[in-house]
Structure formats: structure tokens, C-alpha cells
Amino acid sequence: MIGSKNILLKFKQRWQLLLYSEVLLYVVGFGVFVFLFSNNLMVSFSVSVITAIVALLIIKPWLPDLNKTTNFIDNKIANLEHSTSFLLKPANSLSNLGLIQQKRIETRLTKELKKINPPSNIKNSGIAALGLILIGFLCYQFNVSDYFKANNTPINNVNVINFKAADSADAKAKTPTIVNQSLLIDYPNYTRLKSAQTSTMDIN
């Protein structure tokens, strides 16, 4: 029956939607956290893409199908007596008694499905995303990223003056040497001695 199958399809779609929502929450949480921490949009985007890939591979929101859906419902609803898969059989392949049983199962299923939810960790994902955003906001408020930037700055790059030769000739010049030296001695006036000049540096 088309109506019976639609009930299962809607439940399966709701299940998949919850799983995709989990992935989205992780992506938003990590993306916002990295942006608030680094203030770098490109880094935040890269982390979001990586998070999306990893979350998709772990959560696998595409896996729930009609078979998994019927098995889950049968395990959750005892009075269906593991006959949910009976709803997937075409009506033209059932006898009159089979059609009556299928209708009875559909009626029960419509009532019982309101009491159960597809399996997911949407609450945990929401808490994790909110926690990451809160941590990122605190890091932004207290400028935590500046602390890491300061620690990563090499000390020898601060206030260092480098001298470079103006041309290649200066770079190849020899070390200067003293060719000659002289000393001018100017005596005080009261000595009445004339000024003298000497090349000897050893003066007592």
C-alpha cells in the first residue's frame, strides 16, 4: 500500500535529517570556534570542510534505508510483532486476508510512531557545538590568540639592527691596520715648556 510505505519513508527521512543535522552542528561549532580564536576566515572555512568530511564518514547519515527503518520500528514497538516489513509488500501480491492484516498494521503504526523518535545524538551534538562556540567567544574576549602569537615570535627578531655593506667592494675590503701614529703633548703654561710631538705611545 502506498500510504503504508509513505509512513515508513517519512520516518526514514526524519531519521536521515537528524543525522545530517548532527553533522551540521559539528561543522558550525568547530567553524565558529576557529574563527573566533584565530580571526581568520580562510582557516575557519578549511576547518569546517575537514570537520564536515570527518563527521560524514563517522555518522554516515545516508545509511538508514527502509530495511533499517522497519527493523528499528519492530524493535521499538512490541505490539507490531515484527511485521512492519509486511507494509512494504505490494497490495496486488496479497490476499484479502493479507490486505486486512496490512491495514491493521498500518493503523497501529500510525499511532505508535508518534511515541518514538529515530535514533540520533542530536542533543549531544548541540551541546558540543554550543560549548565550542562559548569557548571561542571567551578566547575572543580575552585575546587568547594574542598570547600564542606572542610566544611564537622569535626573540632575536625583536629590535635587531642588521648592517649590510653598501656595495661588494666594501664587503671584500681588508681589515684596516695602523700605518703610523703620533702624539701631540701640550704642557701647562706654568711649565713654560713648548709643545712636543712624538710617535711613541708609551709615555710615563
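Tutor: Welcome! Residues are numbered from 1 along each chain as its sequence is written, and side-chain values use heavy atoms, with hydrogens and water left out. Because the model is predicted, local features need pLDDT of at least 70 and side-chain atom pairs count only at pLDDT 80 or more, while totals for chains, interfaces and linings use all residues.

Student: How many helices and strands does the protein chain have?

Tutor: There are 7 helices and 2 strands, in the order α-α-α-α-α-α-α-β-β from the N terminus. Both kinds of element are DSSP runs numbered from the N terminus: helices are H or I with at least four residues, strands E with at least two.

Student: Which residues of H2 are buried?

Tutor: They are Ser44, Ser48, Thr51 and Ala55. Their directions cover an arc of only 70° around the axis, so they sit on the same side of H2. The arc is taken from the directions from the helix axis to the C-beta atoms. On the other side of H2, Met42, Phe45, Ile50 and Leu57 are exposed. Buried means under 20% relative accessible area, exposed over 50%, and partly exposed in between, with a 1.4 Å probe and protein chains only.

Student: What reaches the backbone nitrogen of Met42 at the start of H2?

Tutor: A side-chain oxygen of Asn40 does, coming within 3.0 Å of that nitrogen.

Student: Why is the pair of Trp15 and Phe72 called tilted?

Tutor: Rings of Phe, Tyr and Trp (its six-membered ring) pair if their centres lie within 6.5 Å; planes under 30 degrees apart are stacked, over 60 edge-to-face, and the rest tilted. By this rule the count is 3 aromatic pairs. The centres of Trp15 and Phe72 are 5.6 Å apart and their planes are at 45°, so this pair is tilted. Trp15 lies in helix H1 (residues 2–38) and Phe72 in helix H3 (residues 66–76), so the pair ties together parts 57 residues apart in sequence.

Student: How do you know whether Trp15 is buried or exposed?

Tutor: Trp15 has 11% relative accessibility, so it counts as buried. Phe72, at 14%, counts as buried too. Ring pairs also link Phe11 with Trp15 and Phe72 into a cluster.

Student: What makes the pair of Phe33 and Phe37 stacked?

Tutor: Their planes are 20° apart, with 6.1 Å centre to centre. Both residues lie in helix H1, 4 residues apart, about one turn of the helix. Phe33 has a relative accessible area of 21%, so it is partly exposed. At 26%, Phe37 counts as partly exposed as well.

Student: What is the phi of Asn39?

Tutor: It is near 55°, a positive value in a residue other than glycine. Most residues other than glycine have a negative phi. Asn39 lies in the loop between H1 and H2, and its relative accessible area of 56% is why Asn39 is called exposed.

Student: Where does Lys60 lie?

Tutor: Lys60 lies in the loop between H2 and H3, and its phi is positive, near 55°. With a relative accessible area of 36%, Lys60 is partly exposed.

How values were computed:
A polar contact is a pair of N or O atoms within 3.5 Å; within protein, one must be able to donate a hydrogen and the other to accept it, and residues adjacent in sequence count only if both atoms are side-chain atoms.
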